[in-house]
Structure formats: C-alpha cells, structure tokens
Amino acid sequence: MSGFEGAWLDGVGRALFIAYFLIAGLCNLAPHQVRSHVDRMRDLGTPLPAAAFWTGLAIQFTGCALLLTERFAAAGAICLIVFTVAATAIFHRFWQCTEPQRRNASRINLLNNTGVLAGLLLLLQNVR
C-alpha cells in the first residue's frame, strides 16, 4: 500500500470513529437520555451514577477531541478505549438479564462494543 493510500485510510477510519463517538455522545445529552442513563446506572449498582455518567461523557468527548490532533491521537484512542470498556462493563452484562429479548440485545451490544474496541486498539497502534 502506498503512503497516500495508508494516509487516506487512516484519515477516513479516524473520522468515522470520531463521528461514531461524537454523535452517540451528543445524543446522550438530551435530558431524557441523561435521566434514563443515570437511572439505569443506579439500577445496575453503579456508584455515584450521575458523576459516573458525566465523567464518562467527558472522557468520550475528550477522546474525540484528542483524536482530531496528530500530537495527542494516542491519548484520544486510550480515552475511547477506557470509555468503551467501562460503558460495556456497566450496561451490557447480558448474563444478568432474565428477559430473553433484553439478554440477546445486551449480548449483541457487548459483541458490537468488542468490535469497536478491536478497531480502537488497531487505531492506537497506528497513531503511536
């Protein structure tokens, strides 16, 4: 692969990750989404659920901003890795769901996040 192709693929891949996390984060800023997430986190036993929610969002947006920079892209990828692992651990413990549809949806989300994590690890390797 030529340098141009590699740079083009890196740029598009990075832009897609930023868009994915930025759009998801912005959607979660809607008041009903904030309440829903904090309530779910409380129900799942997350300590200080409101603080955890806002901290997670700050890490998510910080990761996006840092990925935009060439100098701090690795730190941005690490932020998004931490956010993805934490959010998955909090929200997608499918083995604890008793309702079959919720259990399956949670399992699918955990697997999707595993794929996102794999991509973030590859991105981290690429930006170091």
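Predicted model: local features only at pLDDT ≥ 70, side-chain atom pairs only at ≥ 80, totals over all residues.
A salt bridge is a side-chain nitrogen of Lys or Arg within 4 Å of a carboxyl oxygen of Asp or Glu.

**Overall architecture**

The secondary structure of the protein chain consists of five helices and zero strands, and reading along the sequence gives the pattern α-α-α-α-α. Taken along the principal axes, the C-alpha atoms fill a box of roughly 50 × 30 × 20 Å. The protein chain has 128 residues, of which buried residues make up 34%.

**The two salt bridges**

In the salt bridge between Asp10 and Arg14, the closest N and O atoms are 3.0 Å apart. Because Asp10 and Arg14 are four residues apart in helix α1, about one helical turn separates them. Asp10 has a relative accessible area of 19% and is therefore buried, the cut-off for that class being under 20%. Arg14 is also buried, with a relative accessible area of 10%.

The other pairing joins the side chains of Arg42 and Asp39, with an N to O distance of 3.1 Å. Both residues belong to helix α2, where they lie three residues apart, about one turn of the helix. Arg42, at a relative accessible area of 48%, is partly exposed, and Asp39, at 40%, is likewise partly exposed.

**Pockets**

| Pocket | Volume | Lining by class |
|---|---|---|
| Largest pocket | about 640 Å³ | 16 nonpolar, 11 polar and one charged residues |
| Second largest pocket | about 270 Å³ | six nonpolar, four polar and four charged residues |

The largest pocket, with a volume of about 640 Å³, is lined by 28 residues, and those nearest its centre are Asn28, His37, Phe83, Ala87 and Phe91. The elements that give two or more residues to this lining are α1, α2 (31-43), α3 (49-67), α4 (73-91) and α5 (100-127).

The second largest pocket has a volume of about 270 Å³ and is lined by 14 residues, of which Arg40, Phe91, Cys97, Arg102 and Ser106 are the closest to its centre. Two or more residues of the lining of this second largest pocket come from each of α2, α4 and α5, and the largest share, four residues, is supplied by α5.

**Surface and loop features**

Trp8, Leu9, Val12 and Leu16 make a nonpolar surface patch of about 410 Å². One of these residues, Leu16, is found in helix α1, which spans residues 3-27. Leu16 counts as exposed because its relative accessibility is 57%, and the class of exposed residues begins over 50%.

Leu48 lies in the loop between α2 and α3. The phi angle of Leu48 is near 45°, a positive value in a residue other than glycine. With a relative accessibility of 66%, Leu48 also counts as exposed.

Notes: Residues numbered from 1 in each chain as written. Heavy atoms only, no water. Patch = residues over 30% accessible without salt bridge, like charges linked within 9 Å, V, L, I, M, F, W, Y side chains within 5 Å. Areas by Shrake-Rupley, 256 points an atom, 1.4 Å probe, with all protein chains shown as cover. Buried < 20%, exposed > 50% of the residue type's maximum accessible area, 1.4 Å probe, protein only. 1 Å grid on protein atoms, 1.4 Å probe; cavity = no way out; pocket = protein on both sides within 12 Å on 5 of 7 lines; lining within 4 Å. Points joined across faces, edges and corners; volume = space filled by probe spheres on them. Nonpolar A, V, L, I, M, F, W, Y, C, P; charged D, E, K, R; others polar.
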